Amino acid sequence: MILAHLRQNVISHVKFTFCGICRVSLKEGIMWTHEDSIETTATPAQIWALFSNVPGWKKWNRGIEDIQIHGDFANGTTFTMQIPGDISFTSTLIDVRSNEGFTDETDIDGTRVLVHHKIVPLASGRTKVIYSTEITGPAAAELGPMVTADFPDVLGALKKIAENP
């Protein structure tokens, strides 16, 4: 149901910019992966503060119209996100590690979407923020570009807010 709505209302509006790494493989069905990253002068703690404040994601992710977390920012907690086109879905937080990152997991009509948000301190004193995806299932190749198209813009906005609180 969500996938059909995405096909009808979102796919024609998605700009496909592939600044990161993208791969489609046929391992256990279809897997689509993608990665984007950015370096910042913000500390891991500053990035974590933005990541763990789910209602604040709208400030640096223009693709979110509304978002609500259903508990603490911890493993197993769900959040509901509404994106443009009146599309809502629920994701589950997994692998939540303070000041290191987290993963969210979403099932969209039988296709599993994992988005990893990693915080990596660099020897230079800077911090690298990495968004990577693993999408598996029948619609992986179709959903991949839709899910990841805005990653460069989202990372740029996150960097700007983190460096200028």
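Rings of Phe, Tyr and Trp (its six-membered ring) count as a pair if their centres lie within 6.5 Å; a pair is stacked when the planes are under 30 degrees apart, edge-to-face when they are over 60, and tilted otherwise. The model is predicted. Across the whole structure, a search finds nine aromatic pairs. Two of the pairs are set out below.

| Pair | Distance between ring centres | Angle between planes | Class |
|---|---|---|---|
| F51 and W60 | 6.2 Å | 45° | tilted |
| W57 and W60 | 6.2 Å | 55° | tilted |

W60 takes part in the pair with F51 and in the pair with W57. F51 is buried, at a relative accessible area of 0%. W60 is buried with a value of 5%, and W57 is also counted as buried at 5% relative accessibility. Ring pairs join these residues into a cluster made up of W48, F51, W57, W60, F73, F79, F102, Y131 and F151.

F151, a member of that cluster, is one of the buried residues of helix α4. The helix comprises 13 residues, 151-163. At 1.5 Å a residue α4 should span 18 Å, and its end C-alpha atoms are 18 Å apart, so the two values agree. Its buried residues are F151, V154, L155, L158 and A162. Viewed down the axis of α4, these buried residues fall within an arc of 95° and therefore line one face of the helix. They pack against the strands β2 (31-40), β7 (111-121) and β8 (127-136), and against the helices α2 (44-51) and α3 (140-148).

Key:
Residues are numbered from 1 along each chain as its sequence is written. This is a predicted model: local features need pLDDT of at least 70, side-chain atom pairs count only at pLDDT 80 or more; totals for chains, interfaces and linings use all residues. Side-chain values use heavy atoms; hydrogens and water are left out. Buried means under 20% relative accessible area, exposed over 50%, partly exposed in between (1.4 Å probe, protein chains only). Helices (H or I, at least four residues) and strands (E, at least two) are DSSP runs, numbered from the N terminus. The expected span of a helix is 1.5 Å times one less than its number of residues. The arc is that of the directions from the helix axis to the C-beta atoms. Contact means heavy atoms within 4.5 Å.
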